[in-house]
Amino acid sequence: MQRTTLGDLELTIFSDGIYYFDGGAFFGVIPKVMWQKKVKADEDNRVRAGLNSVLVQTGKEIILIETGIGNKLPERMRKFYGQPAELLDNLSAGGISPDGIDIVINTHLHFDHCGWNTVRRGARIVPTFPKAKYYVQEGEWQHARRQFERDRISYISENYDPLIESGQMELLRGDREIVPGISVRVFPGHTAHMQAVMLASGGQKACYISDLIPTTAHIELSWGMGYDLYPVDTIESRKKYYAESIPEKWLTIFTHDPQVPWAYVKRDTRGKMVARALTSSAA
Ligand SMILES: [Zn+2]
């Protein structure tokens, strides 16, 4: 568990554990001879990926950004990705109960970002965080429910449809402030409506950039994932992101980095992107 403060906000990384991606899919068009200098693959060419959620405590609200894979993954997917299901235990070890969460923000609805939104209780699917208001982009949900052949495996209806039916999940249309200092911003590329979460307090800024830049190994503009639906937009969105985040020294928070959940990203004197990890207090 890593913790830091950003102005008046207290940020803590809570992981749902480690899971596995095919290395080729994780790095898209980048040849293995290049990516294996940064990340080692196992004998099946799989690489380790993190599932980093962030708990934001404002003093008034407790907000959970992203909910990992959860514990409802179908067997055929569990075999490949694994299902660590550690988030609730880790929250509990940090003194946080599901009842205490006021707001949940999902950047998009892929199974590895909203799995703990709900849990199975007997024959029913119920919210894991009963008192929370959940947020996602309406366009993301529309895409999910259309079940395209390309990516329908990534969208598991029980992670979100029960919350939408009950009115507990609000569908957003574009950029929005959620509470003062915390807002969402759409960055197309990975999906058309993926939203990043902006945190601002006391003149400092951080951004949970989600799958637009999944790990510190993906910070170069063209190092997108094979899963990106709109790879050209990924590059444009990254340009827009860096144009603000570098001069304003935003702390970038990485969903899938198994080692470095947050870092300052900048360009070195040769034009290469570098990430300087935040050395935060381990709690
Ligand atoms: Zn995704």
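# A tour from strand β15 to the cysteines

Start by selecting Arg267, which lies in strand β15, residues 262-267. Strands here are DSSP runs of E with at least two residues, helices are runs of H or I with at least four, and both are numbered from the N terminus. The model is predicted: local features need pLDDT of at least 70 and side-chain atom pairs pLDDT 80 or more, while totals for chains, interfaces and linings use all residues. Residues are numbered from 1 along each chain as its sequence is written, and side-chain values use heavy atoms, without hydrogens and water.

**Around Arg267.** With a relative accessible area of 43%, Arg267 is partly exposed. Buried means under 20% relative accessible area, exposed means over 50%, and partly exposed is in between, using a 1.4 Å probe and protein chains only. Show Ile246, Lys272 and Met273 next: Arg267 is in contact with these, leaving aside its neighbours within four places in sequence. Contact means heavy atoms within 4.5 Å.

**Helix α6.** Select residues 138-146, which form helix α6; its buried residues are Glu138, Gly139, Glu140, Trp141, His143 and Ala144. Just after α6, look at Gln147, which has a positive phi of about 55°.

**The cysteines.** Select Cys114, which counts as buried because its relative accessibility is 0%. Its sulfur is 19 Å from the closest cysteine sulfur, in Cys207, so the two are too far apart for a bond. Cys207 is also buried, with a relative accessible area of 0%. A disulfide is a pair of cysteine sulfur atoms within 2.5 Å, and by this rule the count is zero.

**The whole chain.** Now display everything: the chain has eight helices and 17 strands. Along its principal axes the C-alpha trace spans about 55 × 45 × 35 Å. The radius of gyration, taken over C-alpha atoms, is compared with a globule rule of 2.2 Å times the number of residues to the power 0.38. For 283 residues a compact globule would have a value near 19 Å, and the chain agrees, with 18 Å. Buried residues make up 50% of the 283. Of the contacts between residues at least 6 apart in sequence, 68% join residues at least 24 apart.
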